[in-house]
Amino acid sequence: MREVNIENIDLNLLLLLDRLLTERHITRAAMSLNMSQPALSRALARLRKIFNDPLLVRTAQGYDLSARAEQIQPELAEILIALESLVQQPVFNPAADNGLIKITGLDLELALYLPQLMQRMRIHAPGMHLEIVKQEDDSFAMLDRNDVHFSLSGLEPSASTGTLHRLLLDQMSAVCLMSRHHALADQPLTPENYAAAAHGLVSITGRGPGYMDRVLEKVGMQREVILRLSSFMAVADFCETTDLVFTLPQRLAERIAAGRQLCLRRLPAELEQPAVKFYFYWHTRHHHDPRMIWIREQIVEIAQALPGFKPV
């Protein structure tokens with residue numbers, strides 16, 4: 001059997017062969033391809049050499065297909081259809097999709113967006129699955145390892161990277177969350193009485209100072225953190241019945257305070273900082289994936305529908 005190295009085959013020749021076998025006439029095939037007859041004749045000569053077969057044979061009525069050409073014509077049609085499908089932009093139909101979406105982030109941050117995302121998925125993409133993956137110390141490493149498709153985070157990568165994309169979903173000020181019966185609930189907050197209060201802190205790692213510790217340090221003050229939590233979900237239970245003060249992004253604090261004996265107070269003006277920003281991150285490997293594009297579109301619409309959304 002004669003071996004042919006496919007690396008030496010010009011795929012364009014397959015398109016020409018398909019037209020030649022369909023038209024069974026060099027001149028008509030050349031006209032339909034907007035080629036000159038000599039150029040197509042040269043292409044046919046190359047094809048005959050590749051297949052080691054005449055492909056088109058002369059008869060009294062014109063050209064006809066050789067036995068080999070009759071054999072390969074239907075196979076060639078299937079190959080060209082497959083090639084066309086391969087290079088075409090895929091069409092995403094959420095209603096027919098059954099893919100799995102993996103997202104990581106802190107519990108309460110995810111709770112702002114993902115219940116609404118699940119609601120949309122059940123309506124528009126009922127076969128799609130959603131998995132919430134426990135966040136590690138560095139969710140950006142999880143994206144890089146392809147452990148998750150998306151990360152919802154108020155943080156930024158410690159080192160610049162060209163492999164991540166992000167959407168700015170929201171930005172909000174930090175506020176103090178405390179019991180309605182707290183001694184500071186009805187008093188003006190000052191840097192002094194804020195620093196003197198007993199504080200709670202939500203920390204993923206459980207290590208190092210919190211954001212407000214660094215703010216206080218800049219003005220020569222410090223606070224005492226009595227309680228560290230690894231999750232937002234228990235904040236209300238600890239805050240409602242004690243004298244602990246938590247400093248949280250406003251939208252998260254509002255969600256925690258809903259239906260509880262808690263109140264929100266603005267930070268002292270001297271301690272106010274730029275708005276906390278929430279980002280939706282993904283790796284560049286999924287940037288052009290139609291399924292992931294659809295998810296990003298849903299998240300943006302959900303964020304824009306939140307009360308008090310601040311356009312960015």
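Visitor: C239: buried or exposed?
Guide: C239 is buried, at a relative accessible area of 0%. Buried means under 20% relative accessible area, exposed means over 50%, and partly exposed is in between, with a 1.4 Å probe and protein chains only.

Visitor: Before I go on, what kind of model is this?
Guide: This is a predicted model, where local features need pLDDT of at least 70, side-chain atom pairs count only at pLDDT 80 or more, and totals for chains, interfaces and linings use all residues. Residues are numbered from 1 along each chain as its sequence is written, and side-chain values use heavy atoms, leaving out hydrogens and water.

Visitor: Back to C239. Which cysteine sulfur is closest to its own?
Guide: That of C263, 8.2 Å away, which is too far for a bond. C263 is buried too, with a relative accessible area of 16%.

Visitor: How many disulfides, then?
Guide: The count is 0. A disulfide here is a pair of cysteine sulfur atoms within 2.5 Å.

Visitor: What does L177 touch?
Guide: Both of those cysteines, C239 and C263, are among its contacts. L177 also touches V235, L244, V245, F246, L248, A253, I256, A257, L262 and L264, not counting residues up to four places away in sequence. Contact means heavy atoms within 4.5 Å.

Visitor: How many residues are in the largest nonpolar core?
Guide: There are 45, and those with the most contacts inside it are Y113, L177, F246, L248 and I256. A nonpolar core is a set of buried Ala, Val, Leu, Ile, Met, Phe, Trp, Tyr and Cys residues joined through side-chain atoms within 4.5 Å. In soluble globular proteins, nonpolar side chains tend to be buried together.

Visitor: Which helix gives the most to this core?
Guide: Helix α5, residues 107-124, with 8 residues. Helices are DSSP runs of H or I with at least four residues, strands are runs of E with at least two, and both are numbered from the N terminus.

Visitor: Which residues are buried in helix α10?
Guide: R251, L252, A253, I256 and A257 are buried there, and α10 covers residues 250-257. Just after α10, G259 takes a positive phi of about 75 degrees.

Visitor: What about phi of N34?
Guide: It is near 60 degrees, a positive value in a residue other than glycine. Most residues other than glycine have a negative phi. N34 is found in the loop between α2 (26-32) and α3 (37-51). At 74% relative accessibility, N34 counts as exposed.

Visitor: New topic. What volume has the largest pocket?
Guide: About 1000 Å³. A pocket is an open set of points on a 1 Å grid over the protein atoms alone, with protein on both sides within 12 Å along at least five of seven lines, and lining residues have an atom within 4 Å of a point; a cavity is a set where a 1.4 Å probe fits but cannot get out. Grid points are joined across faces, edges and corners, and a volume is the space filled by probe spheres set on the points.

Visitor: Which lining residues are closest to the centre of the largest pocket?
Guide: Of the 37 residues that line it, the closest are G154, L155, Y211, R214 and V276.

Visitor: What does F140 contact?
Guide: L155 is one of its contacts, and the others are S153, E156, P157, L164 and Y281, leaving aside neighbours within four places in sequence. F140 sits in helix α6. At 12% relative accessibility, F140 counts as buried.
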